[in-house]
Amino acid sequence: MSSDPSSDPLGVGAERSDPSSRPSSGHPAPSLSTRVVHGGVPGGRPGEPVVPALVQSATFFGGGPDDGVELGYTRYGTNPNQRLVGDRVASLEGMEAGLALGSGMAAITLTLLSMVEAGDHVVSSQQLYGATRIFMEEELPRRGVEVTLVDPDEAGAWEGAIRNTTRLLYLETPTNPTLRVFDPRPVAQVGQRHGLPLVMDVTFASPVNLRAGEWGAEIVIHSATKYLGGHSDLIAGVVAGPMVRINEVRRLLRLYGPALDPHAAWLLDRGIRTLDVRIERHNRNALELARWFQNRPEVARVHYPGLPDHPDHAVAHRLMDGFGGMVAVELVGGADAADEFCRHLSMAALAPSLGGVETLVSLPRLTSHRSMTAQEREGVGISEGLVRISVGIEGLEDLEEEFARALAHDGSGSGRS
Ligand SMILES: Cc1ncc(COP(=O)(O)O)c(C=O)c1O
């Protein structure tokens, strides 16, 4: 941040991330398992709290008008709890800088807005979270930014869509809700040839399973509401990437104002400390459940990148350290069976989020992708009978019992108890 407020009245100048979040030179970098626990928190002096204090303050004392005072204001993203989670995620992703925001959508929209202006063009995968797709298809064009949605399965689609005015390539992986895993490397290579950054939404993976920067992404975005927070008790987003890019997002954060509340930032920091062990269990439960669903006659198809017959299994195997906690199943009886299945859930709640310790089930046709027509959904692989399951960390036997009960009532007539 500028030390001269008069030359930077909005306080939008460059900002440095907390160097304590980066490994000190001369020592091997701590493992990711260690960084989720200790990242960004240097060992304390006697008497200091082991857990970072919650600084529930909107503003911070400045010095006198002549002191070259730093303007501390929580809407600027400079609250210590906000900084800590931004730095922590940057460290986990191997990125130079990170910025915490008030939601995943705030992170996505401000990042995109920080990179384009009227007359520019964006190339994006067509496989997107519903709200991101609406932003791409409706909001950006309304601001004079053209967007081409490409089918990432189509060879040459990215390259073919690039224009002189293209400013960035955008990819979500794994995708919501069909769990496609697209290889960022060829997309990043196309970007490099044309001098375009690859921006990725990696919410479904978490940095434990995938560090997209290692595969060519320049900027990564998380809905931290999901796995990073991990307890379905906060809404947050984080963007990480090169400092110059993050400073541009910060500039818009200060203007548009979707700041992360310090308490939510504090909760997010606490959630991140257990990320590694939670993801390990999510991965294990989801893989076992996916295999279990495959053997059920009521289930027509299971979408899980850890299954050998998944179209992206080989890519996921190469790029990811685990296949994630999300499973989607298509029921033989279609939409009616999916509805009936959901009516008979008890422990697994029907709720439109994911990534928490508890198992949550949702019907994409009624939640995340309801703004699309059935035909549009079909076009991106979302059948009307698709049930998305965010597999929690409960006991696997209990989850199998729960789903066996719900399947027995799914109305397809083939259920067993
Ligand atoms: C892949 C993905 N990205 C972004 C978001 C938006 O996150 P938030 O709800 O925190 O704004 C979601 C929400 O479900 C999501 O699934």
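I count as a polar contact a pair of N or O atoms within 3.5 Å. This is a predicted model, so I note that local features need pLDDT of at least 70, side-chain atom pairs count only at pLDDT 80 or more, and totals for chains, interfaces and linings use all residues. Residues are numbered from 1 along each chain as its sequence is written, and side-chain values use heavy atoms, with hydrogens and water left out.

**Ligand**

I began with the ligand. A nitrogen atom of the ligand sits 2.6 Å from an N or O atom in the side chain of Asp-201. For Ser-223, I found a polar side-chain atom 2.7 Å from a ligand oxygen. A polar backbone atom of Met-105 is 2.8 Å from an oxygen atom of the ligand. The protein buries 92% of the 390 Å² that the ligand exposes when taken alone (Shrake-Rupley method, 1.4 Å probe).

**Sheet**

Next I looked up an open sheet of five strands, and I read its order as E8-E9-E12-E11-E10, with mixed pairing. Strands here are DSSP runs of at least two residues, helices H or I runs of at least four; two strands pair if DSSP finds at least two bridges between them. Which strands stand at the edges? They are E8 (299-303) and E10 (349-350), each with a single partner strand, so one side of each has no neighbour in the sheet. E9 (residues 326-331) and E12 (residues 386-390) run antiparallel, joined by five bridges.

**Whole chain**

Last, I noted 14 helices and 12 strands in the protein chain. Buried residues (under 20% relative accessible area, 1.4 Å probe, protein chains only) make up 55% of its 417 residues.

Key. Buried means under 20% relative accessible area, exposed over 50%, partly exposed in between (1.4 Å probe, protein chains only). A polar contact is a pair of N or O atoms within 3.5 Å; within protein, one must be able to donate a hydrogen and the other to accept it, and residues adjacent in sequence count only if both atoms are side-chain atoms.
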